[in-house]
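Terms are given their cut-offs where they come up.

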Amino acid sequence: MASVGKSALDSAAVAELRAILGDDAIVSRPTELKVYECDGWTIEKSAPELLLRPRSSSEISAVLKALHRREIPFVPRGAGTGLSGGCLPVGAPVMICTSRMNRILAIDYANRRVEVESGVVNLHVSNAVRERGFFYAPDPSSQMACTIGGNIAENSGGPHTLKYGVTTNHVLGLEIVLPDGEIAELGGPAEERLGYDLVGAVVGAEGTAGIVTRAILKLTREPEDRRTLLAIFADVGAATRAVSAIISAGVIPGAIEMMDRLIIEAVEDAFHAGLPRDAGAVLIIELDGIAAALDAQAREVAELARASGAREVRLARDESERATLWKARKRAFGAVGRLAPNYATQDGVVPRTRLPDILREIAAIAERHSLKIGNVFHAGDGNIHPIVLYDERDADETRRAIEAGREILRACVAMGGSLTGEHGIGVEKMAEMPLIFSPDDLIVMSELRRVFDPELRANPNKVIPAPGSCVETAAPRRQTAL
Ligand SMILES: Cc1cc2nc3c(=O)[nH]c(=O)nc-3n(C[C@H](O)[C@H](O)[C@H](O)COP(=O)(O)OP(=O)(O)OC[C@H]3O[C@@H](n4cnc5c(N)ncnc54)[C@H](O)[C@@H]3O)c2cc1C
């Protein structure tokens, strides 16, 4: 991890922030700050010295102006559901949380747009427009809690982004408070824009460009109908071969999600969703679109799954059966909490056809390190989420869990994949960046970051490793080769 700068957060600075925000927007007691010491990447912990809960862009602007004058770094936070340590304070004593900025500001059905504050919870956007037959397509499994600001920072995906695209495909405009306090508007409601794609540069910047305060998002029309299938396999190899078979046959389902046996058992223990405990793997396959086409498509997909080795394919008979399947999938991470005191969720990508190979490699890595690793992931995208179980009270097991995660990422890269499909780099994967990017690539990224944040005070010590601070690799692969 990069070195941590000395905090300049003295009592005069705290008094100035109190004067801007009022007492009720400031958390300073160490016991209360402990709540904010990590996100879903619990291997590293570090509480902020001060937590601020502003209510508006102008309050954030005044706060960042004060911090800028005093040269104090800060870290933005949404709901803290990130899985790569993105909102871990590392040399940033002040954490700024957007949870109070949770208003949906305007809905424009005619142009299929919605404008929201960045602290709005993802699912609340779809809830607000469902009655009129629309939804917000990017649907991370954490959508009941995570914020739009966090989604934008991580360029989040979700089960249905296989067909509909990830966050960056659904963001038209942003309001961002830059690290010196200036409020900037990027993009806008129009679909096509001239000039450099600055919205695109901020989406996925992991909080290093400033604090996103508002967003104009695209709304998507609800499909006319859906068919949701559960395909049951003896092993993960057959399940993942079915994924390639379906997509290469020209069918693009709304979602294809895979769970292996360890995850199935955890989900069944927790939720009794009716998944077969004796299966090696299941796929949840959702087809959506024009109602008239779906039955034939469902038959075709079931045939393809059977031809790849599915012993049974079940069709959800009604909305309640569909909801049970999705509840099982979306709460799988929570269910894993029953299996071990701690777990680390990895997030790598491989070309879809290499899924059987990477799952074999993950099993070998688990055996080598005497660890249990479960798999639940967005199989259609080739985006794997191995869940490494460990007990943080056992230092050696924790070390092995970290090493296993690194080996999985190296294997993904070796198979032509990438370090993250959706959870971001954060602190977790910074040392692995040279596996993909050359020193020149990293310098270019740093220069782009400095356009927004010349002094590197927004979420410092994240994403881009400091020169010489991380693993050297024999042959970094240039991004252009991906
Ligand atoms: C059970 C579970 C399931 C998950 N499933 C998925 C999934 O299917 N797909 C997926 O992509 N992710 C998933 N995640 C990861 C996580 O939910 C996403 O990364 C999410 O977008 C984080 O949102 P958040 O509001 O919690 O952000 P936080 O964790 O608070 O922050 C994440 C990053 O965003 C930055 N940030 C937050 N708000 C702002 C802002 N307003 N302006 C600038 N920067 C900001 C932070 O500094 C940090 O770097 C899952 C997590 C959990 C715990």
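## Helix 10 and its cover

The buried residues of helix 10 are covered by elements that include strand 12 (225-233), helix 8 (236-248), strand 14 (281-289) and strand 15 (312-315); contact here requires C-beta atoms, placed from the backbone, within 7 Å. Helices (H or I, at least four residues) and strands (E, at least two) are DSSP runs, numbered from the N terminus. The model is predicted: local features need pLDDT of at least 70, side-chain atom pairs count only at pLDDT 80 or more, and totals for chains, interfaces and linings use all residues. Residues are numbered from 1 along each chain as its sequence is written.

Ala298, Val301, Leu304 and Ala305 are the buried residues in question. A residue is buried if 20 or more other C-beta atoms lie within 10 Å of its own, exposed if 12 or fewer, and partly exposed in between, with C-beta atoms placed from the backbone. An α-helix has 3.6 residues a turn, so residues three or four places apart point the same way. Helix 10 (residues 291-307) has 17 residues and spans 25 Å from first to last C-alpha, close to the expected 24 Å, where the expected span is 1.5 Å times one less than the number of residues. Gly309, with a positive phi near 115°, follows helix 10.

Five strands make an open sheet in the order 5-6-10-8-9, paired antiparallel; two strands pair if DSSP finds at least two bridges between them. Strand 5 (104-108) and strand 9 (183-187) are at the edges with a single partner strand each, so one side of each has no neighbour in the sheet. From one strand to the next the twist averages 10°. Strand 8 (residues 171-177) and strand 10 (residues 211-218) run antiparallel and are joined by six bridges. Glu175 stands opposite Arg214 in strand 10.

Two helices lie across this sheet. Helix 4 (residues 122-129) lies across strand 5, strand 6 (113-117) and strand 10, at about 45° to strand 5. Axes are lines fitted to C-alpha atoms, for helices over the stretch in contact, and angles run from 0 to 180 degrees between N-to-C directions.

Strand 3 runs parallel to strand 4 (residues 94-97), and four bridges join them. Arg77 is opposite Cys97 in strand 4.

## Ligand shell

Which residues come nearest to the ligand? Of the 36 residues around the ligand, they are Gly78, Gly86, Gly149, Gly150 and Gly207; a residue counts as near if its C-beta atom, placed from the backbone, lies within 6 Å. Strand 3 (74-77), helix 5 (148-154) and strand 10 each give two or more residues to the shell, and helix 5 supplies the largest share, five residues.

## Loop residues

Glu71, in the loop between helix 3 and strand 3, has a positive phi of about 60° although it is not a glycine. Glu71 counts as exposed because it has 10 C-beta neighbours inside 10 Å. Glu455 lies in the segment after helix 15 (439-452).
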